[in-house]
Amino acid sequence: MECISVFDMLKIGVGPSSSHTLGPWRAAERWIKELKTANKVDSVENIIVDLYGSLSLTGKGHATDLAIMLGLSGADPETIPMDSIDIIIASIRNTNVLVFNNEKSLEFNSKESIVFNRKFLPFHANGMKFTAVIDGKKTSSTFYSIGGGFVVKEERKN
């Protein structure tokens with residue numbers, strides 16, 4: 001179970017919706033941290049992000065795709081200079097290259113690498129799955145943006 005402090009309640013980030021922008025951005029950061037902990041960042045060959053439910057249905061209007069790209073780029077929502085946002089997004093879209101965690105250039109076509117699925121995942125309406133191809137094999141993590149910029153993973157015990 002994840003715990004929060006009173007300091008977690010006050011957040012700085014871009015909008016227009018903490019559930020649709022800050023949450024997905026933080027999910028991308030957490031996914032990168034998972035890959036770093038497993039020493040897999042350098043081996044990532046390709047990335048696909050699947051958005052589900054509300055993130056998919058209203059994500060374009062709420063800049064979910066932009067938040068995902070910024071998070072995957074290693075930008076911090078609390079410290080990124082606002083005028084850098086358009087530059088980073090334009091670079092990704094114009095070159096089809098994302099500098100993953102500001103460390104490694106990967107081919108990334110935002111129209112194909114971010115998939116807007118219309119279905120809902122059972123745990124929460126704001127679901128997203130990050131998938132990396134590593135040594136030809138896919139590895140994925142699913143996160144949920146539960147509001148206020150908070151992100152959780154559905155923990156399953158078998």
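How many bridges join S6 to S7, and do they run parallel or antiparallel? I find 3 bridges, and the two strands run antiparallel. I count two strands as paired if DSSP finds at least two bridges between them. Strands (E, at least two residues) and helices (H or I, at least four) are DSSP runs, numbered from the N terminus.

Ground rules: this is a predicted model, where local features need pLDDT of at least 70 and side-chain atom pairs count only at pLDDT 80 or more, while totals for chains, interfaces and linings use all residues. Residues are numbered from 1 along each chain as its sequence is written, and side-chain values use heavy atoms, with hydrogens and water left out.

**Entry: the sheet**

I looked up the strand order. The sheet is open, has 5 strands with mixed pairing, and reads S4-S1-S5-S6-S7. S4 (114-116) and S7 (150-152) are the edge strands; each has a single partner, so one side of each is left without a neighbour in the sheet. On average, neighbouring strands are turned by 25° against each other, direction ignored.

Next I went through the pairs. S1 and S4 pair in the parallel sense over 3 bridges, with Asp50 opposite Val115 in S4. S1 (residues 44-51) and S5 (residues 127-134) are antiparallel over 7 bridges. There I noted Ile47, whose bridge partner in S5 is Ala132, and Leu51, which stands opposite Met128. S5 and S6 (residues 137-147) are antiparallel too, joined by 8 bridges. Val133 has Lys138 in S6 as its bridge partner.

The hairpin of S5 and S6 has 2 residues between the strands, and Asp135 takes a positive phi near 50°. The hairpin of S6 and S7 also has 2 residues between its strands, and here Gly148 takes a positive phi near 65°.

**Entry: helix H3**

At what angle do H3 and H4 pack? H3 (residues 64-72) and H4 (residues 82-95) pack at about 90°, with axes 10 Å apart. That makes H3 roughly perpendicular to H4 (65 to 115 degrees). Axes are lines fitted to C-alpha atoms, for helices over the stretch in contact, and angles run from 0 to 180 degrees between N-to-C directions.

Asp65, Leu66, Met69 and Leu70 of H3 meet Ile85, Ile88, Ile89, Ile92 and Arg93 of H4. Contact means heavy atoms within 4.5 Å. These residues divide into 7 nonpolar, no polar and 2 charged. H3 also lies across S1, S4 and S5, and runs at about 150° to S1.

**Entry: the second largest pocket**

I took its volume, about 180 Å³. A pocket here is an open set of points on a 1 Å grid where a 1.4 Å probe fits, with protein on both sides within 12 Å along at least five of seven lines; lining residues have an atom within 4 Å of a point.

Which elements give two or more residues to its lining? H4 and strand S2 (97-100) do. The lining includes Ser73, Ile88, Ser91, Ile92, Leu98 and Asn102. It divides into 6 nonpolar, 4 polar and no charged residues.

Technical notes. Angles under 35 degrees count as roughly parallel, over 145 as roughly antiparallel, 65 to 115 as roughly perpendicular and the rest as oblique. Ala, Val, Leu, Ile, Met, Phe, Trp, Tyr, Cys and Pro count as nonpolar, Asp, Glu, Lys and Arg as charged, and the others, Gly among them, as polar. Grid points are joined across faces, edges and corners, and a volume is the space filled by probe spheres set on the points.
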